[in-house]
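Please walk me through this structure.

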Amino acid sequence: MKRIRVHGLRHSHITMLIESGFSAKDVGKRVGHSAEKITYLYAHSYDERGKQMANKLDAIEGGDDEPKSSR
């Protein structure tokens with residue numbers, strides 16, 4: 001069985017919060033980051049959220065209630 005280190009669990013926890021839609025400010029406060037920019041070290045998780053936001057805005061602009069599934 002692969003060893004799981006505490007840092008790995010912390011990273012997963014932060015990533016899941018980001019993917020659930022929580023802001024960097026809220027996530028950072030929860031995990032004790034001294035500055036919001038530290039939370040942005042997990043920026044790879046925010047990239048996907050950015051794509052989801054863009055798709056939602058495209059759908060709204062096009063008069064569609066649902067975002068496009070893939071782009």
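**From the whole chain to its core**

Of the contacts in the chain with a separation of 6 or more, 33% join residues 24 or more positions apart. Contact here means heavy atoms within 4.5 Å. This is a predicted model, in which local features need pLDDT of at least 70, side-chain atom pairs count only at pLDDT 80 or more, and totals for chains, interfaces and linings use all residues. Residues are numbered from 1 along each chain as its sequence is written, and side-chain values use heavy atoms, with hydrogens and water left out.

The chain has 4 helices and 0 strands. Along the sequence the pattern reads α-α-α-α. Helices (H or I, at least four residues) and strands (E, at least two) are DSSP runs, numbered from the N terminus.

Now the surface. The accessible surface of the chain is about 5,900 Å². Carbon and sulfur atoms hold 55% of that surface. Accessible areas come from the Shrake-Rupley method with a 1.4 Å probe; for residues, only the protein chains shown count as cover. Of the 71 residues in the chain, 21% are buried. Buried means under 20% relative accessible area, exposed over 50%, and partly exposed in between (1.4 Å probe, protein chains only).

Which residues make up the largest nonpolar core? There are 6 residues in all: Ile-14, Leu-17, Ile-18, Val-27, Val-31 and Tyr-42. Helix H1 (6-19) and helix H2 (24-31) each supply at least two residues of this core. H1 gives the largest share, 3 residues. A nonpolar core is a set of buried Ala, Val, Leu, Ile, Met, Phe, Trp, Tyr and Cys residues joined through side-chain atoms within 4.5 Å.

Take Ile-14, a core residue in helix H1. Ile-14 counts as buried because its relative accessible area is 0%. Set aside its neighbours within four places in sequence, and Ile-14 is in contact with Val-27, Val-31, His-33 and Tyr-42. Ile-14 and Val-31 are 17 residues apart in sequence, yet 7.8 Å apart in space, C-alpha to C-alpha. Val-31, with its own neighbours within four places set aside, is in contact with Arg-10, His-13 and Ile-14.

Is Thr-39 buried or exposed? Thr-39 is at 0% relative accessibility, so Thr-39 counts as buried. Its side chain makes a polar contact with the side chain of His-33 (2.7 Å). A polar contact is a pair of N or O atoms within 3.5 Å; within protein, one must be able to donate a hydrogen and the other to accept it, and residues adjacent in sequence count only if both atoms are side-chain atoms.
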